[in-house]
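Here is a short note to read beside the model.

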Amino acid sequence: MRAGTCAWNCGRGGSPLRYANAERSMAALRTLRFPSCLAFCRKHVNSITGRSFAKCQARFLSSVTERDGLQVSHNSNTGVVTLSMNKPPVNSLNLEFLQSMHKTLGEIQDDQDCRAVILTSGLTNIFCAGLDITEMYQPDDKRLREFWTSLQDMWIRLYSFPKTTMAAITGHSPAGGALLAMSCDYRVMAENFTIGLNETKLGIVAPTWFIDLYVGILGQRLSELALQTGKLFTSEEALKVGLVDQVVPLNDVIPTVEKELSEWKIPALARGMTKDVLRRIYWRKLQETQDVDTESFVFLIKQEKVQQTLGLYLQSLKNKKK
Ligand SMILES: CCCC/C=C\CC(=O)SCCNC(=O)CCNC(=O)[C@H](O)C(C)(C)COP(=O)(O)OP(=O)(O)OC[C@H]1O[C@@H](n2cnc3c(N)ncnc32)[C@H](O)[C@@H]1OP(=O)(O)O
């Protein structure tokens, strides 16, 4: 397609739609059954679809799919995929959800048109409530192992993700939720929520690979204090200690991430390889010890004392409503 001309000779050759990538626009048009051999202009788009230009443009530029608690929106203009967790009530990570995240991240990784991912939540006030506690309370042995392996696999994929990942933390983000956020390259959090590794409060222990990330971000001393006490940082505290990179009003979280992404104009190979050099020691360490890690998890969870504490914690969440 030659910019500046309209193959239908409508006389508006001077005002073609100005997309950043003409080929992508044509592909989008083909899916709407426009004649692919023809260039197009605003006038024709409007006359054929009967839609407003803005609506047409939005449709060309993004595709949205929803599956297994995840919404995937692909903006083909920017190459940014927004992966939105949408599993009420609190986006807790159960076996199926972890498997779904693992699979979806794999698909996004293979998508040649995607250069970056925004990980966010479709739920009000919650980014992710962490692991689904009901998976660990009075568990079935086989499912418990599968659950943990799925968490390991999903984390390895997210943490080693070759494309840029940014977390738009639009709500509370305890324990496993904090892990998701910490695994991204950049974190923007909304005001007045909490984030952190609070595992000890549930009577459980964050595994080494959670702790490695914490120490990498907070340093040894602060990690020792925060982990032992199960501290949840307010958004503002999280900013101070470097757990998140920006704190903004809720409605500004996504625009802030998008702006940040637009400023990361770094050659993809150099950025990806640098990330790999910095991170591979951690995910490979887990990859090489996955079985041992699973056995220690199962051993811990099966302790009678741990089961009692998890039961009480679950009950306290339910009692909040009474
Ligand atoms: C060796 C082990 C290593 C383990 C590594 C990681 C561990 C974890 O990730 S453990 C999970 C840690 N998460 C938490 O401690 C968060 C607990 N939840 C909350 O604090 C609040 O629910 C939250 C602030 C997220 C949201 O508050 P509200 O909006 O007020 O919602 P409710 O508290 O009323 O919750 C609604 C509903 O969801 C249930 N719920 C909440 N969190 C979880 C969870 N993590 N797993 C399972 N279920 C959860 C809660 O009980 C309510 O259920 P109902 O009463 O049946 O509606």
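1. Start at Lys 320. An N or O atom in its side chain lies 2.6 Å from an oxygen atom of the ligand. For Lys 318 the corresponding distance to a ligand oxygen atom is 2.9 Å. Asn 198 places a polar side-chain atom 3.1 Å from an oxygen atom of the ligand. These are polar contacts (pairs of N or O atoms within 3.5 Å; within protein, one must be able to donate a hydrogen and the other to accept it, and residues adjacent in sequence count only if both atoms are side-chain atoms).

2. A word on the source. This is a predicted model: local features need pLDDT of at least 70, side-chain atom pairs count only at pLDDT 80 or more, and totals for chains, interfaces and linings use all residues. Residues are numbered from 1 along each chain as its sequence is written, and side-chain values use heavy atoms, without hydrogens and water.

3. How many residues surround the ligand? There are 29, and Ala 129, Leu 131, Tyr 313, Lys 320 and Lys 321 are the closest. The shell splits into 19 nonpolar, five polar and five charged residues. Here Ala, Val, Leu, Ile, Met, Phe, Trp, Tyr, Cys and Pro are nonpolar, Asp, Glu, Lys and Arg charged, and the others, Gly among them, polar.

4. Now Thr 104. This residue counts as buried, because its relative accessibility is 3% (buried means under 20% relative accessible area, with a 1.4 Å probe and protein chains only). Its side chain makes a polar contact of 3.3 Å with the side chain of Arg 67.

Conventions: Near = heavy atom within 4 Å. Buried < 20%, exposed > 50% of the residue type's maximum accessible area, 1.4 Å probe, protein only.
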